[in-house]
Amino acid sequence: MELLPHLFRTEYRKIIAVLSRHFGLDQLTLAEDIASETFLTAAETWGLKGLPENPVAWLYTVAKNKARDQIRRQLVFQQKIRAAIASDEKLLPQTDIDLSDENIQDSQLQMMFAIADPILAVESQIALMLRILCGFGIEEIADAFLTSRETIHKRLTRAKEKIRAARIKINFPTGEQIGQRSEAVLLCLYLLFNEGYYSSARNTVLRKDFCMEAMRLTLILIENEKTNSSRAEALFALMCFHASRFDARTDEQGEIVRYDDQDVSLWNEELILKGHYYLNLASRGNELSRYHLEAAIAYWHTVKNDPVEKWDNILQLYNQLLCMEYSSVRALNRTYAIAKTAGKPIAIQEAEKLGLDENHLYHVLLGYLYTDINSSKAIEHLYKAQSLAKTDRERILIGRDLDKIRRAVGGEI
Amino acid sequence: MNEFLLIFRRDLADTEIQPSPEHLQNMMKDWQHWMGGIAARNQLVSSGNRLAPQGKVVKPGAVVTNGPYVEIKEAIGGYILIRADSLEQAAEISKDCPILSVGGNVEVRAIIPMTA
C-alpha cells in the first residue's frame, strides 16, 4: 500500500502540530504518541477492511477521538487529584481538536517559532523541525546527519526535556517575538535546506525531501503577512535557485557532479523562474541581508554559458558577503570566482594566502587551480584533500578528479 | 593576532580627479575587492565606516569651528579594523588599499589590547 506511507509523510506532522498546540509543547511526546497510534490503527484497520472513502478525514477523526479520550483521562485525573484547587481555565481544556487547513497552517507556523527558542542548540532545533514539523523518522534524520539512531534519539529526547523544563509555549508570536525570533527561524530553515542539499548522505530521494520540506516551511512563513519579511523572500529565492540544479548535481550512482561538469539541460527552469519572482519581491526595500547576497549569487549560478559579467558579479557578491561574515567556504568560493575572472595563476596567489591548509576543500580548489598549470602540484593537493576528506563520497569525487588529471598527462606521474 | 586600525586619509579639497560613472564603479569594485580579500583571510574585524566631509571641531572655550579640513590637508575619510600578526603585516595589507591610487594614504595603528 503506497497511500499510507504517503499520508504518513503529509499528515503525521499536521496532526502533531495541531495536537502540540492544543496540549502545549511540553506534551510533545503525548502528541507524537497519539499521532503514531492513529497511523498504527490505520495500518491495522485498512489492512483488514480496505481503504475508507476519505482516508485523510478518517485519520483526522481517529486522531481527534484519541485526543478526546486523552483529554477525558486528564480531566478525570485533574478532578480527582486537584479537586481542591480553584477552577482554572487550563483545567477545563477544550475537547474539540481543530484540524482545519487554517489551524494546521497556524499551528505549524507557531511551532516553528517555538522550536527556534534560543534555549535549544541549533542542531536540536533542526532535528526537532525534521521530526515534528516534517514528519521524518529518526532513522532518516540519522542518515542525513551521517550519525547513529541513538545520537538523534538522544538529541531529540534532550530537546524535549529542555522544552518541558523551560515551559516553552506554542503561541502566536507577538510582533516583538517575530522580530527577535525570525532570524533564528530563518537560520534553522536555511540549515535544514543545506542539510538536504549538501549532505554527504547518498540517499538522493531523502535529501531532496529535506529541501522540499524546508521550502514548504519557508513558504508558510512568507504567506503569513505577519511573519513575512524580505529576508524570508530572499531565502526562498535562494532555495529555488539551488533546488533548480538538484537533478543535475548528482549522477545515476548518487555521486556529486561538480558545477562545471553539470548538464545544464537538467536545470529546472520552473524553479529558476520562481526564484526570480521571489528575489524581485525581496528586493523591494533597502534591506540587504546575507540571504539577499546568497540569493543573488545563486541567481548568477543559474545563468548559462558564462557571460562576462557573471563571474565578476559573483566575485563582488562574495566580497560583500565575506565583509558581512567570514566563512571558509565563502573564502574558497571567492577564490574560485577570481579564477574565473582573473585567471588561475592570480587565483593561486590569492588561495595560498587563505591559511586553510587543514581544510580538504582548500586542497580540492588548489587541485583544480593547478590543473593544466602544474599537474604534479595538482595531484599533490588532491592527495592531501583525499586524506583530509571526511566521507567516502568526497573521497570518490576527489578520486575522479585525480583520474582525470592522470589521464590528461598520459600516465607520466 | 593583534588588531589594527587602518585610517584612510585623502585631500578632500583636491579636485584634480573628476570621476566618471565608470570610474566610480571601478573604484567601488576596487574597495570591495580589497576588503573582500582581507575578509577572505578572516582578517577583517570590522568594515568600519566612511565619514562625511562635513564636520565640526570643538575647542576649549566653547569655540566651535567648521572643520576639520580647514586645518589639515588630509582629512580622515574612513577607517576599518583588521587582524594581523604584526604591524608589518598590517602595513603590507595596506599597500593594496585603493585610497593610494587617488593620492591618499593609510595610517596603520596598533590597538592596545584590553585583556591580558
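**Notebook: a predicted two-chain model**

I began with B:Ala62, which is exposed, with 6 other C-beta atoms within 10 Å. For burial I used C-beta atoms placed from the backbone, and a residue is buried if 20 or more others lie within 10 Å of its own, exposed if 12 or fewer, and partly exposed in between. B:Ala62 lies in the loop between β3 (56-59) and β4 (63-66) of chain B, and its phi is near 55°, a positive value in a residue other than glycine. Most residues other than glycine have a negative phi.

I noted that this is a predicted model, in which local features need pLDDT of at least 70 and side-chain atom pairs count only at pLDDT 80 or more, while totals for chains, interfaces and linings use all residues. Residues are numbered from 1 along each chain as its sequence is written, and chains are lettered from A and ligands numbered from 1 in the order in which they are written.

**Chain B**

I looked up the elements of chain B and found two helices and six strands, which follow the pattern β-α-β-β-β-β-α-β along the sequence. Helices (H or I, at least four residues) and strands (E, at least two) are DSSP runs numbered from the N terminus. Of the 116 residues in chain B, 19% are buried. I then turned to its contacts, two residues being in contact if their C-beta atoms, placed from the backbone, lie within 7 Å; among those between residues at least 6 apart in sequence, 75% join residues at least 24 apart.

**Chain A**

Chain A has 18 helices and zero strands, and its C-alpha atoms fill a box of roughly 85 × 50 × 40 Å along the principal axes. Of its 413 residues, 37% count as buried, and of its contacts with a separation of 6 or more, 63% come from residues 24 or more positions apart.

The largest has 119 residues, and A:Leu19, A:Ala237 and A:Ala295 have the most contacts inside it. Helix α10 (residues 230-243) of chain A gives the most to this core, with 10 residues.

**Two helix pairs**

For the pairs I took axes as lines fitted to C-alpha atoms, for helices over the stretch in contact, with angles running from 0 to 180 degrees between N-to-C directions. The axes of α12 (residues 290-301) and α13 of chain A come within 9 Å and cross at roughly 160°. α12(A) and α13(A) are therefore roughly antiparallel to each other, since angles under 35 degrees count as roughly parallel, over 145 as roughly antiparallel, 65 to 115 as roughly perpendicular and the rest as oblique. The residues of this contact divide into nine nonpolar, two polar and three charged, where Ala, Val, Leu, Ile, Met, Phe, Trp, Tyr, Cys and Pro count as nonpolar, Asp, Glu, Lys and Arg as charged, and the others, Gly among them, as polar.

The axes of α5 (residues 122-133) and α7 of chain A also come within 9 Å, but they cross at roughly 95°, which makes α5(A) roughly perpendicular to α7(A). A:Glu123, A:Ser124, A:Ala127, A:Leu128 and A:Arg131 in α5(A) meet A:Ile152, A:Arg155, A:Leu156 and A:Ala159 in α7(A). By class, I found five nonpolar, one polar and three charged residues in this contact.

**Loop residues of chain A**

I found A:Arg167 in the loop between α7 (149-166) and α8 (175-198) of chain A, with a phi near 50°, again a positive value in a residue other than glycine. A:Arg167 counts as exposed because it has 9 C-beta neighbours inside 10 Å. A:Leu51, in the loop between α2 (28-49) and α3 (55-81) of chain A, counts as partly exposed, with 13 C-beta neighbours inside 10 Å. Beyond its neighbours within four places in sequence, A:Leu51 is in contact with A:Leu3 and A:Trp46.

**Where the chains meet**

The contact between the chains takes 13 residues from chain A and 12 residues from chain B. On the side of chain A that touches chain B, α13 (308-324) and α14 (328-342) each supply at least two residues, and the largest share, six residues, comes from α13(A). By class, the residues of that side are six nonpolar, four polar and three charged.

Conventions
Core = buried A, V, L, I, M, F, W, Y, C linked by C-beta atoms within 7 Å.
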